[in-house]
Amino acid sequence: MGLNDSITVKALGILNAYGSFRSTYNFLKDSQHWTADELEKYQLERLNDLLEHSYENVPYYRQVFEKRDLKPSDIYDFDSLSLLPLLTKDIIKNHFKDLKATNFPENKLEHVTTGGSTGDPMGFYYEKGVSRAQEWAFIKTLWDRVGYRFRDKCAILRGNVVKDAENGRLWEKTFFNRWLILSTYHMTDENLERYVEKIRKFDPKFIQAYPSNITILAKYMEKNGLDPFKNLKAVLCGSENIYPWQKELVERVLNCRVYSWYGHSERTILAGECELSSNYHIFPEYGIFELIDDKGNVTSDDKGIIVSTSLTNYAMPFIRYKTDDIGIISTEKCACGRNYPLFKTIEGRLQEYILTKNRNLVSLTALIFSQHFESFSLIKEMQIVQKEPGKIVIKIIPETGYSPENEEEILYKLTNVVADDLEVSFEYVDQIARTKSGKHKFLIQELELNNIG
Ligand SMILES: [Zn+2]
């Protein structure tokens, strides 16, 4: 291939991606006003297309249908969808090749891996040039709700690696100088003063952040009595669970809205807050979600494990994909008028539970984050490690002023929830390691909890 050819291919790729972005974005502008019936009709049509495609082109699904003596036409509503089995991470690992659509040439596939909650990587495919563009259209649609425009200045505190950080340059600008990317691997007290100054000078309208990173910044600003950033409209938070105490802290210190959404790189479900409410509005255009109980059956409870079918990825269809997340739905209708189903809370990933001596699962939310701890203001960072049932270690980076009474308070509050069903010990450290993608994990759960019923 000559140079001109490759430039043409690249240009076509960009055009293609732009086309995918534009068409998805315009579609969502319209579909958000649809009635519940219109949305349902759309979902069932897309589901039908996806099932036909999977039956014709995806060897794993052909075999799933044949084994059950089913044809795509046997699945015609949301109830009959449960005739198909759940798709688990193990199935994806074991049937990786057979899950790939045979009518996609290699150059139309983009290989992606996710660390997964247990740190065990799982690979799958996006449609090259299309999947990411579509995703961006959905995300832009979410951010539109808090007034984000492409020309707005944005500071970024996610997991990006800043090239020169090792030489002391802890930030860099990209996207026509509109994005200021700050290294989140160097957020020590000594550096944070410079971070705050730099952000203040940059004067962003938005901050994109992992909740854990913006929490560190907000805690530092509160401790030092620093003013919020003048023109900041919202903090856009994704990729990690955000806990109510984090949201409250950041909104108070930065004096702006914290706007968050829920999704994952497997891209079967996406949900975000709206202009008026902090319930997560689930995009019906993105996927079909179900809630299942711990036996794997569809539940009519408002709480369950989230299972979802992607309506957008044909390169590697994810049908009834079992996430590790637990969601609580709300039956309220939102005043914004969208007929989207709502999650009140995403209660935490299954791997974010603690297993007690009596083998009860307790969520981090129930154990810690729904309680008010005086001591939190004296803790810089914290992490819980569970290696065996009934025991946890709490690692703490203390602030000046932290004392044995704080440890007592924590212990007392935990005992409120679990009585003597959990043994707790403390470890005081200078540093808490991040994951490869720079995320902070509140819990290192080394037990495999996904199979505990
Ligand atoms: Zn709403």
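Tutor: Let's begin with a term: two residues are in contact if their C-beta atoms, placed from the backbone, lie within 7 Å. This is a predicted model, in which local features need pLDDT of at least 70, side-chain atom pairs count only at pLDDT 80 or more, and totals for chains, interfaces and linings use all residues. Residues are numbered from 1 along each chain as its sequence is written.

Student: Among contacts between residues at least 6 apart in sequence, what percentage join residues at least 24 apart?

Tutor: Here we use the contact rule of C-beta atoms within 7 Å. Taking the protein's contacts between residues at least 6 apart in sequence, the share that joins residues at least 24 apart is 63%.

Student: How many helices and strands does the protein have?

Tutor: Helices (H or I, at least four residues) and strands (E, at least two) are DSSP runs, numbered from the N terminus. Going by those runs, the protein has 20 strands and ten helices.

Student: Why is the protein said to be as compact as a globular protein of that length?

Tutor: The radius of gyration is taken over C-alpha atoms, and the globule rule is 2.2 Å times the number of residues to the power 0.38. For 453 residues the rule gives 22 Å, so the protein is as compact as a globular protein of that length, its own radius being close to that at 23 Å.

Student: Is arginine 267 buried or exposed?

Tutor: A residue is buried if 20 or more other C-beta atoms lie within 10 Å of its own, exposed if 12 or fewer, and partly exposed in between, with C-beta atoms placed from the backbone. Arginine 267 sits in the loop between strand S8 (257-263) and strand S9 (270-272). It has 23 C-beta neighbours inside 10 Å, so arginine 267 counts as buried.

Student: Which residues is arginine 267 in contact with, leaving aside its neighbours within four places in sequence?

Tutor: We set aside the neighbours within four places in sequence. The contacts of arginine 267 are then Ser131, Glu135, Ser310 and Asn313.

Student: Where is phenylalanine 176 found, and what is its phi?

Tutor: Phenylalanine 176 belongs to the loop between strand S4 (171-174) and strand S5 (179-182). It counts as exposed because it has 8 C-beta neighbours inside 10 Å. Most residues other than glycine have a negative phi. Phenylalanine 176 is not a glycine, yet its phi is positive, about 55 degrees.

Student: What is the phi of asparagine 177?

Tutor: Asparagine 177 also lies in the loop between S4 and S5. With 9 other C-beta atoms within 10 Å, asparagine 177 is exposed. Its phi is positive in a residue other than glycine, near 65 degrees.

Student: Is H6 roughly parallel or roughly perpendicular to H7?

Tutor: Axes are lines fitted to C-alpha atoms, for helices over the stretch in contact, and angles run from 0 to 180 degrees between N-to-C directions. Angles under 35 degrees count as roughly parallel, over 145 as roughly antiparallel, 65 to 115 as roughly perpendicular and the rest as oblique. Helix H6 (residues 189-202) packs against H7 at about 90 degrees, with the axes 10 Å apart. That makes the pair roughly perpendicular.

Student: Which residues make the contact of H6 with H7?

Tutor: Both helices contribute to the contact. They are Asp189, Leu192, Tyr195 and Val196 of H6, and Leu217, Tyr220 and Met221 of H7.

Student: How does H7 lie relative to H8, oblique or roughly parallel?

Tutor: The axes of helix H7 (residues 211-223) and helix H8 (residues 244-254) come within 9 Å, crossing at roughly 50 degrees. That makes the arrangement of H7 to H8 oblique.

Student: Where is phenylalanine 426, and which residues is it in contact with, leaving aside its neighbours within four places in sequence?

Tutor: Phenylalanine 426 is part of strand S19 (residues 423-428). It counts as partly exposed, because it has 14 C-beta neighbours inside 10 Å. Isoleucine 394 is 32 residues away from phenylalanine 426 in sequence and 4.8 Å away in space, C-alpha to C-alpha. Leaving aside neighbours within four places in sequence, the contacts of phenylalanine 426 are Ile394, Ile396 and Glu407.
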